[in-house]
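The structure is shown first.

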Amino acid sequence: MSNEPRRAGRHFLQIPGPSPVPDRILRAMDMPVIDHRGPEFQKLGRRVLEGVKGIFKTKGNVIIYPASGTGAWEAALVNVLSPGDKVLMYETGHFATLWKNMALKLNVVPEFIATDWRAGVDPDKIEARLKEDKAHEIKAVCVVHNETSTGATSLIGEVRKAIDAAGHPALLLVDTISGLASADYRHDEWGVDVTVSGSQKGLMLPPGISFNAISDKALAASKASKTPKLFWSWEEMLPHNKNGYFPYTPATNLLYGLAEAIDMLNEEGLDNVFARHKRHGEATRRAVAAWGLENLILDERHFSPVLTAVVMPEGHNADTFRKVALDHFDISLGTGLSKVAGKVFRIGHLGDINDLTLVGTLAGVEMTLGIAKVPHKTGGVTAAMQYLAETAKPFPSS
């Protein structure tokens, strides 16, 4: 038994993922481990492999890996590329940078469009670079849909249009690890070739499973890939998936949770899920503005419905602030990463949250601003509450 005194009430996990896991999903996962080669598992496998397509808004195959999102990043690259292939990547933040670093280690040659991390992808820059590539040496464009380190959501449909306007055959690979099931995402409609995602954000699951949604064009490209692979191989995976199985041991109990998550998202309705997240993002930004603090993202077209990164005033360390918040109010806020370490804290407003969850979160932040003596104005919570009250709708009765 711990000697530390018990803290009453719930811990506010308001980082931008992993997000809190709803009780309903925890109960769904609380099942005996079953034979992953047996008929009971086959029903579960078919249920999730088919059901998850609707979350990606695709009619094509979605591969499910027992891995983190990093694994799905690697799977996307190794299945469609060969050593020495050139790819165009865009520096929206820390995670775009990590994906670029992975490409280097896989002997892929990334060209990185550098930025100051204060906006999402600029499609015009993608189009201009591809028009210069007359020999079509660039085999893929890799971008992050929702950059978790900064709170920028890029317009993927516009990126697709930019590639098409350039008349370039490059594949479009998109990381929506923190965007899926929180921000509007349309794999088929936006012409994405490989979509990468993970379980621990909008899907409301623990970490441990990740995804590749793949187009026919990507599948065709995989046939020519010369990169060695086995665990990540779509060719190994798809024949087994066709029958509801996997070529190796899957994360069985997490798949029970995934099935429940899919049901919960469909019961709420994806459009309602997206609207809820957009509304909570707007309420958070209104609070930040009322405090007199700065949103890291400057372009309102790229404001994220998933998280808000708040810039600390000069002379105040974000991690010190986060520790005060945790110690006083049992709330976890996201840390700043690499370029913005110590300079920003991140408020997650994703997953299974409602208006009162958000108000409690913002109240914790505002009280901490006072205790930590961070220069600010009061009234951020009031501004958020006013907006939430003005836009609130009664819950529909059955």
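A salt bridge is taken here as a side-chain nitrogen of Lys or Arg within 4 Å of a carboxyl oxygen of Asp or Glu. By that criterion the structure holds 24 salt bridges. The model is predicted: local features need pLDDT of at least 70 and side-chain atom pairs count only at pLDDT 80 or more, while totals for chains, interfaces and linings use all residues. Residues are numbered from 1 along each chain as its sequence is written, and side-chain values use heavy atoms, with hydrogens and water left out.

**Salt bridges**

| Pair | N to O distance |
|---|---|
| Arginine 47 and aspartate 263 | 2.7 Å |
| Glutamate 268 and arginine 276 | 2.8 Å |
| Arginine 286 and glutamate 282 | 2.8 Å |

Helices (H or I, at least four residues) and strands (E, at least two) are DSSP runs, numbered from the N terminus. The salt bridge between arginine 47 and aspartate 263 joins helix H2 (residues 39-56) to helix H9 (residues 252-268), so it ties together parts that are 216 residues apart in sequence. In contrast, arginine 286 and glutamate 282 are four residues apart in helix H10, which puts about one helical turn between them.

Accessibility is classed as buried under 20% relative accessible area, exposed over 50% and partly exposed in between (1.4 Å probe, protein chains only). Arginine 47 is partly exposed at 40%, as is aspartate 263 at 27%. Glutamate 268 is partly exposed at 30%, whereas arginine 276 is buried at 16%.

**Packing of H10 and H12**

Two packed helices are described by the angle between their axes and the distance between the axes. Axes are lines fitted to C-alpha atoms, for helices over the stretch in contact, and angles run from 0 to 180 degrees between N-to-C directions. Helix H10 (residues 270-291) packs against helix H12 (residues 355-371) at about 20°, with the axes 11 Å apart.

**Surroundings of serine 210**

Serine 210 belongs to strand S10 (residues 210-214) and is buried, with a relative accessible area of 0%. Leaving aside residues up to four places away in sequence, serine 210 touches several residues, among them Ile63, Tyr65, Gly69 and Ser197. Its C-alpha atom is separated by 10.0 Å from that of alanine 75, 135 residues apart along the chain.

Notes:
Contact = heavy atoms within 4.5 Å.
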